[in-house]
Amino acid sequence: MSTSGAPLHLKDILRFNLVCSSEERHRTHSSASTSKIPSAQRQSLVRGYSLRAPKTSQPRCRQMACHAYGGRDATVELALDISAVLGEGPTWLDEQKRLAFVDIEGKRIHIWDPVSDELDTISTEAVGRPSTLTPSREGNFLVVAIEQSVYLVDIQKKKVGEKLAEVPYELQRPCRFNDGKASPVGTLVVGTMHDKWVEGEPAQMFKLGGKPMGPHSLEQVMTEDELMMGNGLVWTEDMKSMWHCDTTTNCINEWRCDRDGAPARGEDGKLDRLNQICIPKEEGSPDGMTNDAEGNLWVALFGGSAIACYSPQTGEQLRKVHIPVEKVTCPIFGGAELDTIYVTTAKIGLDDIPGAGGIFAVKIPGIKGKCPAYTANVAIRD
């Protein structure tokens, strides 16, 4: 899918008032949480929910009338034209008021100040492809998943430091880590992506275990029978469950959590899935994800030129905002008031598309993030 319209002048920051379509739903929604619904009913509540794609026009790089859910306008801006090969893992560093993200195939970690436009770059060429990152609870460090290991990265020294853990040898596959985040209690939870995922090869999910002062280890929490591709993770406010995207199956799943914030198993040894939202393939594939102050799920639709908002209670698509590039990878709330959605994108196969691989900033009046990024509780040793 390619964009059309007037050419972009990439030397300047561009603003677009794009068509932002969503539909009012005339249903009565239950206020009861899914944890109060019987297990059998919970698991079928939104499984296979058929989301009707709203009728929208093709996004164009020019100003257009904008209609949005609730009558509010969304503005989309190409905020940083960085041409990342595969931009991913955006994380708002609240203390620094900067946005950190990775270019997976470019083997780079970027830290950007949206106010001053200053950009710091850290190369990971020596150790491989970085896939996701989270701030450390103590110290000026990032915890970064690179290939099949987890490293500390020193922001001030701009270098990759200590390896904290790696996937146990018997569980290593031709794969790399993909998306992950620190849970509300500080445990890094991260999924993998098989090199042959297109051929149907499955993935795994791990949590970074060990005491805060180390040593750390990676513990498998989802097996290859339970996951196809690990992407987008968010937690409910009570941390009783987490949502995550399984991109290959085009579904977003809600799982009951253990005390670390990782998917939990019952007495029968099986994972307890509470809900599932399935997205039609023509909408794009669910990639990275975040949630807003109301608990709604904001999902990047890779291949669908959009981010979309879904109700975790009903599975309904509440809003869809078009981004003027096809490969949209991950949204995150940032800014001083957490009222900007920063969106990473990929340039793979889109060399001639203006803005591809850039960072887009979305502003929607009244929509804010729930909280800054959770921090990883890991040991910082000199």
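Helices (H or I, at least four residues) and strands (E, at least two) are taken here as DSSP runs, numbered from the N terminus. The model is a predicted one, in which local features require a pLDDT of at least 70 and side-chain atom pairs count only at pLDDT 80 or more, while totals for chains, interfaces and linings use all residues. Residues are numbered from 1 along each chain as its sequence is written, and side-chain values use heavy atoms, with hydrogens and water left out.

Grid points are joined across faces, edges and corners, and a volume is the space filled by probe spheres set on the points. By these criteria the structure holds 1 cavity of 30 Å³ or more, and the largest cavity contains about 290 Å³ of space. Its lining comprises 25 residues, of which K181, T290, I332, A373 and Y374 lie nearest the centre. At least two lining residues are supplied by each of β4, β8 (130-135), β12, β16 (230-235), β20 and β24 (328-334). In composition, the lining of the largest cavity divides into 14 nonpolar, 8 polar and 3 charged residues, where Ala, Val, Leu, Ile, Met, Phe, Trp, Tyr, Cys and Pro count as nonpolar, Asp, Glu, Lys and Arg as charged, and the others, Gly among them, as polar.

By class, the lining of the second largest pocket has 7 nonpolar, 7 polar and 8 charged residues. An unreviewed UniProt entry lists R176 and N178 under "binding site", and the lining of the second largest pocket takes in both R176 and N178; such annotations, given in the numbering used here and with shortened feature names, may be inferred rather than shown by experiment. R176 lies in strand β12 and is buried, with a relative accessible area of 4%, buried meaning under 20% relative accessible area with a 1.4 Å probe and protein chains only. The UniProt annotation "active site", also from an unreviewed entry, covers D287, which is placed in strand β20 and is buried at a relative accessible area of 7%.

Strand β16 is mostly covered, 6 of its 6 residues being buried. Two strands are said to pair if DSSP finds at least two bridges between them, and β16 is joined to the antiparallel strand β17 (residues 241-246) by 5 bridges, with W235 standing opposite M242 in β17. The hairpin of β16 and β17 has 5 residues between the strands, and M239 in this hairpin takes a positive phi near 60 degrees.

A separate description concerns an open sheet of 4 strands, ordered β4-β5-β6-β7 with antiparallel pairing. β4 (87-93) and β7 (119-123) are the edge strands, each pairing on one side only. Strand β6 (residues 108-112) is joined to the antiparallel strand β7 by 5 bridges, and the bridge partner of H110 in β7 is T121.

Definitions and conventions. 1 Å grid on protein atoms, 1.4 Å probe; cavity = no way out; pocket = protein on both sides within 12 Å on 5 of 7 lines; lining within 4 Å. Buried < 20%, exposed > 50% of the residue type's maximum accessible area, 1.4 Å probe, protein only.
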